[in-house]
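Thanks for coming. Please have a look at the model on the screen, and then I will go through it.

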Amino acid sequence: MMRGLFITGTGTNIGKTVVSASLFHRYRLLTELRYWKPVQTGFPEDDDTATVGRLARCHQREICDDGVRLKQPLSPHLAAAYGGVTLNLEALIEPSRSWPATCRALVEGAGGVLVPLSSTHLMSDLISALAIPSLIVATSCLGTINHTLLTLEALRTRAIGVAGVVLVGEPNADNRRSIETYGNVAVIGEMPRFPTVNCTILKRWAETELDRANILESYLCR
Ligand SMILES: Nc1ncnc2c1ncn2[C@@H]1O[C@H](COP(=O)(O)OP(=O)(O)OP(=O)(O)O)[C@@H](O)[C@H]1O
Ligand SMILES: [Mg+2]
């Protein structure tokens, strides 16, 4: 069975891919990481696998490029309908069945936790089927307390573990504290808005600022 983290978020375009790349910079010297995007919509214009590969200068072995790739930049259930396919949970999780035991997975979702995959399944069902804990990416800005607490509740209701939260955007101490207090969860990183996002900038930030308390060590290094 697969071990690692499911990188989810409070919505689309929130920073999941950038945080995934940052996790390579922070943890790849300590453990064997492999990124996997099971469902990519808006492909090939949007290609998170290629973006992580570029932002973390990934070796081929650090990427699993299996997965469903859909043309329309829509929710997976809709993009699949336009593409004339139905997303099947069993087929989707197939790569996890032969996952190398030494490899820790960084699995990136599409959108947030309750995004539909099909008429019968949500993204949360994919996380449950993979049976790995989650890491939530959220913005630091107004509205984040509600969105993050809703996401936490949806995950915990389904018995999906939460390793922590990464906030992206202008650091906001009040929002951070509220999420930690009301959500009973650790904020393991506050990533500022960078003028440009590139490998060097992410590496410097990840090495000095991401998960300073080593909270993810127990998920990624054991
Ligand atoms: N810290 C940051 N500073 C500046 N720009 C950022 C930062 N984090 C993310 N971005 C930009 O915001 C956009 C969305 O980020 P990202 O692709 O990581 O979101 P996502 O949650 O993975 O989206 P999707 O739901 O499509 O997978 C990208 O253009 C990315 O370069
Ligand atoms: Mg992404």
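I start with the magnesium ion, ligand 2. Its protein donors are Thr-17 (OG1), Asp-48 (OD) and Glu-108 (OE), which lie 2.0 to 2.1 Å from it. Donors here are N, O and S atoms within 2.8 Å of the metal (3.2 Å for Na, K and Ca), and water is not among the atoms, so sites may look incomplete. Along the chain the donors follow the spacing T-x30-D-x59-E. Thr-17 is in helix 1 and Glu-108 in strand 6 (residues 103-108), so this pair ties together parts that are 91 residues apart in sequence. Helices (H or I, at least four residues) and strands (E, at least two) are DSSP runs, numbered from the N terminus.

A word on conventions. This is a predicted model, in which local features need pLDDT of at least 70 and side-chain atom pairs count only at pLDDT 80 or more, while totals for chains, interfaces and linings use all residues. Residues are numbered from 1 along each chain as its sequence is written, chains are lettered from A and ligands numbered from 1 in the order in which they are written, and side-chain values use heavy atoms, with hydrogens and water left out.

Now ligand 1. Which residues come nearest to ligand 1? Of the 17 around it, they are Thr-12, Lys-16, Thr-17, Pro-192 and Phe-194; a residue counts as near if one of its heavy atoms lies within 4 Å. Helix 1 (residues 16-27) gives the largest share of this shell, three residues.

Next, the polar contacts, meaning pairs of N or O atoms within 3.5 Å. Glu-108, already named as a magnesium donor, has a polar side-chain atom 3.0 Å from an oxygen atom of ligand 1. A backbone N or O atom of Pro-192 lies 2.8 Å from a nitrogen atom of the ligand. A polar backbone atom of Asn-13 is 3.0 Å from an oxygen atom of ligand 1.

Asn-13 is in the loop between strand 1 (3-9) and helix 1, and has a positive phi of about 60° although it is not a glycine.

Lastly, the peptide bond from Phe-43 to Pro-44 is cis, with omega near 10°. Pro-44 is in the loop between strand 3 (39-40) and helix 2 (48-55).

Notes: Polar contact = N/O pair within 3.5 Å; in protein donor to acceptor, adjacent residues only side chain to side chain.
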